[in-house]
Amino acid sequence: MTINEQISKDFIQARKDRDTLKTNVLRIIKSHFDAFKIDEGREMTDTEQINYLLKEQKQTEEALTFAKDASRADLVEENEAKLAIISNYLPKMMTESEVREYLTEKGVGDMAMKDAMKLAMGDLDGKAEKKMVSQIVRELLAN
């Protein structure tokens with residue numbers, strides 16, 4: 001079952017359960033997927049869906065930080081719940097050691113920066129955090 005199918009199924013169930021927060025979060029995600037289909041004339045790939053969910057997760061984490069700074073317990077609770085909902089649809093991300101091992105096996109240390117980044121971002125897109133991948137590529141090229 002794809003991420004989009006799972007979200008659609010869970011959206012219907014959340015509406016039946018009258019879970020307004022989950023319904024609202026899934027509605028936003030679903031509407032983005034549907035808008036993409038209309039605009040691009042095709043379904044989003046799994047990687048595109050994961051990248052969108054990662055973007056939503058990052059925005060929610062930023063909102064959570066601002067809510068904590070403002071001492072808004074209600075917003076903290078709401079954003080933590082949103083994070084939990086979004087996280088349910090994200091695959092387990094690769095750890096730093098797994099990324100380092102993968103890139104070392106691919107011989108990234110012997111490549112030009114442009115080629116190394118192209119390989120790393122192409123292979124690990126949606127599987128590992130981009131910032132971490134970029135940092136590891138730079139470290140491997142520096143050695």
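Accessible area here comes from the Shrake-Rupley method with a 1.4 Å probe. I looked this up first, for the surface entry below.

**Surface.** I am working from a predicted model. The protein exposes about 9,200 Å². I noted that carbon and sulfur atoms supply 50% of that area. Of the 143 residues, 31% count as buried.

**Fold.** I went through the secondary structure and found 7 helices and 0 strands. Along the sequence the pattern reads α-α-α-α-α-α-α. I then looked up the radius of gyration, which is 18 Å; the globule rule gives 15 Å for 143 residues, so the protein is more spread out than a compact globule. The C-alpha trace spans about 55 × 45 × 25 Å along its principal axes.

**Contacts.** I took the contacts between residues at least 6 apart in sequence and found that 57% of them join residues at least 24 apart.

**Cores.** I looked for nonpolar cores next. The largest has 16 residues, and I3, I7, I29, F33, L53 and Y89 touch the most other members. Two or more residues each come from α1 (3-16), α2 (20-40), α3 (46-69) and α4 (73-87). The largest share, 5 residues, is from α2. I picked L53 and listed what it touches: leaving out residues up to four places away in sequence, L53 meets I3, I29, I86, Y89 and L90. There is also a second, separate core of 13 residues, with A116, M117, V133 and L140 among them. My background note says that nonpolar side chains tend to be buried together in soluble globular proteins.

**Charges.** I checked 23 positive and 28 negative charges, and their mean positions are 4 Å apart.

How values were computed: Residues numbered from 1 in each chain as written. Predicted model: local features only at pLDDT ≥ 70, side-chain atom pairs only at ≥ 80, totals over all residues. Heavy atoms only, no water. Helix = DSSP H or I, 4+ residues; strand = E, 2+ residues; numbered from the N terminus. Rg over C-alpha atoms; globule rule 2.2 N^0.38 Å. Buried < 20%, exposed > 50% of the residue type's maximum accessible area, 1.4 Å probe, protein only. Contact = heavy atoms within 4.5 Å. Lys, Arg positive; Asp, Glu negative; His and termini not counted. Charge placed at Lys NZ, Arg CZ, Asp CG, Glu CD. Core = buried A, V, L, I, M, F, W, Y, C linked by side-chain atoms within 4.5 Å.
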